[in-house]
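Below are my notes on the model, as numbered points. Please read them with the coordinates open.

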Amino acid sequence: MLSKILIATLVTLSSMAYSVGAHAKVEEHIMPASDDRWVPWPFHLAQPFPWQDIQGIWKVEQGDYVSYFALKVVRQKSTGVRQLQVKQFDGETCKVLATGVGHENHLKVLAQMTSKGGAIYRVQMTAISQKDSPVPPLQGMPMDEVMVLSIGTLERGGTDEMVHMQTVKISATLSQKICFEDIKK
């Protein structure tokens with residue numbers, strides 16, 4: 001009897017381990033594995049958020065990690081407050097990975113993202129003046145600011161625990177077609 005209970009327990013635990021492993025594999029492209037190219041971003045010098053220029057498709061790259069973010073400005077009907085609808089696309093397939101809504105908080109926009117697999121994480125967008133940026137701006141659509149996209153789990157505290165990457169606007173259009181065209185290059 002004890003051996004049957006032990007076998008049933010082992011089968012249950014191994015299936016749970018497989019389930020967790022399969023879930024992690026599906027979620028692997030949401031965030032970069034690590035922040036191995038640390039840049040001392042001057043977040044204390046953040047500029048006013050560029051609401052008029054933010055809408056469009058943005059691209060981030062770090063090592064093997066490539067992701068696209070479709071950003072759309074919307075206003076709440078009841079209050080008139082601006083929000084940012086965010087869709088994240090996989091850098092290889094252009095499939096939607098996650099969606100979320102962001103709001104402005106002290107010169108940055110914070111979005112809570114939910115992946116197709118159910119993972120919840122956060123994305124932050126911050127504008128840094130080109131003259132204050134520790135790295136030159138990436139080539140893309142012209143912007144007065146360098147945009148930094150920070151990404152991390154909700155469990156991590158503060159911006160020090162997030163991965164920070166410069167992002168570049170590749171289109172003012174919100175079409176997924178832009179993603180497909182970019183990966184063909």
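Predicted model: local features only at pLDDT ≥ 70, side-chain atom pairs only at ≥ 80, totals over all residues.

1. Where is Asp-144 found? Asp-144 sits in the loop that links strand E6 (120-129) to strand E7 (145-153). Ser-129 lies 15 residues away from Asp-144 in sequence, yet their C-alpha atoms are 7.0 Å apart in space.

2. Overall make-up. The protein has 3 helices and 8 strands. Reading from the N terminus, the order is α-α-β-β-β-β-β-β-β-β-α. The chain has 185 residues, and 38% of them count as buried. Among contacts in the protein with a separation of 6 or more, 57% join residues 24 or more positions apart. The accessible surface comes to about 10,900 Å², and carbon and sulfur atoms hold 56% of that area.

3. The aromatic pair. How many aromatic pairs does a search of the whole structure find? The search returns 1 aromatic pair. Phe-49 and Trp-51 form this pair, with ring centres 5.0 Å apart and 65° between the planes, an edge-to-face arrangement. The label edge-to-face applies because the angle is 65° and the cut-off for that class is over 60 degrees. Phe-49 is buried at a relative accessible area of 5%, and Trp-51 is buried too, at 7%.

4. Salt bridges. Side chains of opposite charge can pair when their charged atoms come close. Across the whole structure, 3 salt bridges are found.

5. Lys-59 with Glu-61. The closest N and O atoms of this salt bridge are 3.6 Å apart. Lys-59 is buried, with a relative accessible area of 16%, whereas Glu-61 is partly exposed at 43%. The two residues fall in separate classes because 16% for Lys-59 is under the 20% limit for buried, while 43% for Glu-61 lies between the 20% and 50% limits.

6. Lys-131 with Asp-132. Here the closest N and O atoms are 3.5 Å apart. Lys-131 is exposed at 70% relative accessibility, and Asp-132 is partly exposed at 23%.

7. Glu-181 with Lys-177. This salt bridge has an N to O distance of 3.8 Å. Why are Glu-181 and Lys-177 separated by about one helical turn? They are 4 residues apart in helix H3 (residues 177-184), which means a separation of about one helical turn. Glu-181 is partly exposed, with a relative accessible area of 36%, and Lys-177 is exposed at 53%.

8. Rolling a probe the size of a water molecule over the atoms shows where empty space is left. In this model the search finds 1 cavity of 30 Å³ or more. The largest cavity holds about 40 Å³ of space. Which residues line the largest cavity? The lining consists of Leu-71, Leu-84, Val-86, Val-109, Leu-110, Ala-111, Val-123 and Met-125. Two or more lining residues come from each of strand E3 (82-90), strand E5 (108-115) and E6. E5 provides the largest share, with 3 residues.

9. Strand E4. Leu-97 belongs to strand E4 (residues 96-105). Is Leu-97 buried or exposed? Leu-97 is buried, because its relative accessible area is 13%. Ser-67 is 30 residues from Leu-97 along the chain, and their C-alpha atoms are separated by 9.3 Å.

10. Most residues other than glycine have a negative phi, and most peptide bonds are trans. His-106 is not a glycine, but its phi is positive, at about 55°. Leu-107, also a residue other than glycine, has a positive phi near 70°. His-106 lies in the loop between E4 and E5, and Leu-107 has its place in the loop between E4 and E5 as well. His-106 is exposed at 69% relative accessibility, whereas Leu-107 is partly exposed, with a relative accessible area of 36%.

Terms used
Residues numbered from 1 in each chain as written. Heavy atoms only, no water. Buried < 20%, exposed > 50% of the residue type's maximum accessible area, 1.4 Å probe, protein only. Contact = heavy atoms within 4.5 Å. Areas by Shrake-Rupley, 256 points an atom, 1.4 Å probe, with all protein chains shown as cover. Phe/Tyr/Trp six-rings, centres within 6.5 Å; stacked < 30°, edge-to-face > 60°. Salt bridge = Lys/Arg side-chain N within 4 Å of Asp/Glu carboxyl O. 1 Å grid on protein atoms, 1.4 Å probe; cavity = no way out; pocket = protein on both sides within 12 Å on 5 of 7 lines; lining within 4 Å. Points joined across faces, edges and corners; volume = space filled by probe spheres on them.
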